[in-house]
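Please keep the sequence and the model in view while reading.

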Amino acid sequence: MSADLIAHLQDVAADFGALSARRMFGGYGIYHDGVMIGLISDEVLYLKVDDQSRERFRAADSGPFLYTRRGETVPTSYWSVPEAAMESPQDMRPWLVLAYEAALRKANAAASKVGVRKAGPVKTRPAKAKSASAKSATVAAGKPGVAKPKLAKGKSEKARLEKPRLKKAGSATTKPTKPDAKRR
């Protein structure tokens, strides 16, 4: 049962630090400091690998977690843990460290890619011509391109932001409505 495996994993990870598990895709994701470092599927623990750590796992006769998509078997970046590592905290710690470091490298690489996209060229549109009143409002606001809204005397900012309340039909202050357009 996976609950027993998770409890055993938390015991052998005592030298490494706290691990948590979350249900996902019929198995469990294993997390350390909010970073997914492993998964449990079919009562097997798989840990995160990357190009720097894959050979260590391969040398220990570990293999990747595989799943089938559209009839094709797809390997993942999670590899099984050597059986000996499941026996003691001293044997498990190096594998957990490798997995955590691989997960951090992946997260940092993804973050740097996002940063590159955000820092890319900015597309601008040509400025539209402003009316004389818009130009004076911009100057009055003290900021280029930003007009400061003028409030009617006696109205607070809160009152300006509230939705207008409808008044009863037939009162002298309601505006007449336009007749409905002819329907085709």
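## Terms and basis

A salt bridge is defined here as a side-chain nitrogen of Lys or Arg within 4 Å of a carboxyl oxygen of Asp or Glu. The model is a predicted one, in which local features need pLDDT of at least 70 and side-chain atom pairs count only at pLDDT 80 or more, while totals for chains, interfaces and linings use all residues. Residues are numbered from 1 along each chain as its sequence is written, and side-chain values use heavy atoms, with hydrogens and water left out.

## Confidence

The predictor's confidence in each residue is expressed as pLDDT, from 0 to 100. For this chain the average pLDDT is 77, and 61% of the residues score at least 70. In residues 119-124 the pLDDT falls below 50, and this stretch has zero contacts (heavy atoms within 4.5 Å) in the model beyond near neighbours in sequence. Residues 137-141 also have a pLDDT below 50, but that stretch has 12 contacts beyond near neighbours in sequence.

## Overall architecture

The chain contains five helices and six strands. These elements are DSSP runs numbered from the N terminus, with helices (H or I) of at least four residues and strands (E) of at least two. Their order along the sequence is α-β-β-β-β-α-β-β-α-α-α.

Of the 184 residues, 28% count as buried. Buried means under 20% relative accessible area, exposed means over 50%, and partly exposed lies in between (1.4 Å probe, protein chains only). Among contacts with a separation of 6 or more, 43% come from residues 24 or more positions apart. The accessible surface of the chain is about 14500 Å², and carbon and sulfur atoms account for 55% of that surface. Accessible areas come from the Shrake-Rupley method with a 1.4 Å probe; for residues, only the protein chains shown count as cover.

## Aromatic pairs

A pair of aromatic rings is described by the distance of the centres and the angle of the planes. Rings of Phe, Tyr and Trp (its six-membered ring) pair if their centres lie within 6.5 Å; planes under 30 degrees apart count as stacked, over 60 as edge-to-face and the rest as tilted. The structure holds three such pairs. One of them joins Tyr 46 and Phe 65 edge-to-face, at 5.1 Å centre to centre and 65° between the planes. Because Tyr 46 lies in strand S4 (residues 44-48) and Phe 65 in strand S5 (residues 64-69), this pair ties together parts that are 19 residues apart in sequence. Tyr 46 is buried at 13% relative accessible area, and Phe 65 is buried at 17%.

Phe 57 and Trp 95 form another edge-to-face pair, with 4.8 Å between centres and 65° between planes. Phe 57 belongs to helix H2 (residues 54-59) and Trp 95 to helix H3 (residues 89-118), so the pair ties together parts 38 residues apart in sequence. Phe 57 is buried with a relative accessible area of 0%, and Trp 95 is buried at 11%.

## Charges over rings

A charge sits over a ring if NZ of Lys or CZ of Arg is within 6 Å of the ring centre and within 35 degrees of the ring normal. The charged end of Arg 56 is placed over the ring of Trp 95, 5.7 Å from its centre. Arg 22 lies over the face of Tyr 31, at 4.0 Å from the ring centre.

## Salt bridges

A search of the whole structure finds three salt bridges. One links Arg 105 and Asp 50, at 2.6 Å from N to O. Arg 105 lies in helix H3 and Asp 50 in the loop between S4 and H2, so this bridge ties together parts 55 residues apart in sequence. Arg 105 is partly exposed at 28% relative accessibility, whereas Asp 50 is buried at 15%.

Arg 54 forms a salt bridge with Asp 51, with the closest N and O atoms 2.8 Å apart. Here Arg 54 is partly exposed at 23%, and Asp 51 is exposed at 70%. The side chains of Arg 58 and Glu 55 also meet in a salt bridge, at 2.5 Å from N to O. Arg 58 and Glu 55 are separated by about one helical turn because they are three residues apart in helix H2. Arg 58 is partly exposed, with a relative accessible area of 41%.

## The loop at Gly 63

Gly 63 lies in the loop between H2 and S5. Its C-alpha atom is 5.2 Å from that of Trp 79, a residue 16 places away along the chain. Leaving aside neighbours within four places in sequence, Gly 63 is in contact with Tyr 46, Tyr 78, Trp 79 and Ser 80.
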